[in-house]
Amino acid sequence: IMSFLIAIIELVSKAVILLNNNEKENEKFFNLKRTIDTTTSQVNQDTIQKYGSAAKEHIVAYSGVDNEHGRVLTRSLKSVAESKVNPKYAQQNLKQQAGFSAEIVETSRENAERIIQGKETRIIRTDDLGRVNDPLYDHVEIDSSGNIITGSGSQMKFVGKNPSDCLDKLMSSKFQKYRDNDVSYNVSSDFYDNIQKEIDQRVTKLEAQMQNAKKRGDTALAQKHQNKIDELCKVKRNMKKSRVSNADAMEARVSPKLFTAKEIHNVSHRAGMEGAKSGAIVGGGIATVQNIVDVVRGKKDFDEAIFDISKTTAFSAGTGYVMTYGSTALKACMQNSSTTLIRSLSKTNMPAIIVTTLVSSVKNIGKYFSGEISGTECLKSIGKTGATTVSSMAYGIAGQALIPIPVVGTIVGNMIGYTL
């Protein structure tokens, strides 16, 4: 970070000296808020694209329509929530339907995480591949070309009233085919740890019983205990912890819109936290340059400069969070739009430009609603803000190309773009 700040100080200070010797012009040149906003948005462009694509997975899970890839899912959170419930068996019906919701949420969460981690593989429900009610698998993994990866099939088992009951069902004859075919399966995240403990306890008990049977010379009973131990060990080996809990599955079934909004919020929040880090670095760097100039000119003392740098850094972190959060959520919606043009724009920095313009225009929008300015004046101001934002970002791209130092070139380009 220190090397980064030193590089900013050297490069931007030289730019100030060369481009502006007039103090009044320097004030414009160092319009901190505008420069920090546009620079932070550009620095976070990769984050916005990555997390926006991840959030889009949750929109697809809710609607059942993936406009980007031209796919319609056999089931969605919305369609499952519209399923009929028999009042006499309401709890049973909801539990079963929540199992379908769990499959959909597992898919969206897993794929969202893979996008964030930069992985190329995805999971997909076998129903969505045309293999409805596949006898063994609920999910398979596919590569970047859409080819199924051999041996990647898995089951979702959201069964049982509690971990012990869930294990009883997994060990039942009904699920023998999964054990025989060595199928891996996901159990609810809130059951997983206790099922593992339950298996260990049952194995320990069976081992003691097996030893007693051997001492008595009852080899048939000893072998029966061994077989059960082997089955339990196979269940433990093939069991995986789902990304979904029973509570998640039921909420997705009962309140799919609210659940989806929370999912998008969670992804956008993670993006926002990354944006806050970048905002703090960018804001702190630019504020450091400005305050060093002020200290050298005698306009501020050292303590005032430190306070201003700290204040600007904190403010920039908050702004970075808000803009990256908003851009991520907007990017997700645009990426799954039914309109080709909007989907194409989602891959550019348009989501960031829109959100940056809105954030920068909040003050003027507030003035409009309070009656301080007219609608025409408000729109003129927003138009000007949008124009300077686009100009700054365009020059930011050019600056990064001419000064191939991460972030620094963008900052210099943005400030030049704003000034022009």
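This note sets out points on the nonpolar cores, the strands, the salt bridges and the cysteines of the structure.

1. Basis of the values. The model is predicted: local features need pLDDT of at least 70, side-chain atom pairs count only at pLDDT 80 or more, and totals for chains, interfaces and linings use all residues. Residues are numbered from 1 along each chain as its sequence is written, and side-chain values use heavy atoms, with hydrogens and water left out.

2. The largest nonpolar core. A nonpolar core is a set of buried Ala, Val, Leu, Ile, Met, Phe, Trp, Tyr and Cys residues joined through side-chain atoms within 4.5 Å. Buried means under 20% relative accessible area, exposed over 50%, and partly exposed in between (1.4 Å probe, protein chains only). The largest such core has 24 residues, and Leu 170, Ile 195, Ile 199, Val 235 and Met 239 have the most contacts inside it. Two or more residues each come from helix H7 (163-170), strand E6 (184-187), helix H9 (189-216) and helix H10 (219-238). H9 gives the largest share, eight residues. Helices (H or I, at least four residues) and strands (E, at least two) are DSSP runs, numbered from the N terminus.

3. Surroundings of Ile 195. Contact here means heavy atoms within 4.5 Å. Neighbours within four places in sequence aside, Ile 195 touches Pro 163, Cys 166, Leu 167, Val 187 and Met 239. Another core, of 14 residues, lies apart from the largest one and includes Leu 77, Ala 98, Ile 104 and Val 244.

4. Strand E6 and its partners. Two strands pair if DSSP finds at least two bridges between them. Strand E5 (residues 154-157) pairs with E6 in the parallel sense over four bridges, and Lys 157 has Val 187 as its bridge partner in E6. E6 and E7 also run parallel, joined by three bridges, with Tyr 185 opposite Met 239 in E7. In a regular strand the side chains alternate between the two faces of the sheet. Both faces of E6 are covered, as Ser 184 and Asn 186 on one side and Tyr 185 and Val 187 on the other are all buried.

5. Salt bridges. Side chains of opposite charge can pair when their charged atoms come close. A salt bridge is a side-chain nitrogen of Lys or Arg within 4 Å of a carboxyl oxygen of Asp or Glu, and the structure holds 26 of them. One network of salt bridges links Arg 75, Glu 103, Arg 125, Asp 127 and Asp 128.

6. A link across the sequence. In the salt bridge of Glu 110 with Arg 243, the closest N and O atoms are 2.6 Å apart. Glu 110 belongs to helix H6 (residues 90-117) and Arg 243 to the loop between strand E7 (239-241) and helix H11 (246-254), so the pair ties together parts 133 residues apart in sequence. Glu 110 is buried at 15% relative accessible area, whereas Arg 243 is partly exposed at 37%.

7. Two further pairs. Arg 71 and Asp 66 form a salt bridge (3.6 Å, N to O); Asp 66 is buried, at 4%, and Arg 71 is partly exposed, at 37%. Glu 198 and Arg 202 form another (3.0 Å, N to O). Both residues lie in helix H9, four residues apart, about one turn of the helix.

8. Cysteines. With a disulfide taken as a pair of cysteine sulfur atoms within 2.5 Å, the count is zero. Cys 166 is buried, at 1% relative accessible area, while Cys 333 is partly exposed, at 47%.
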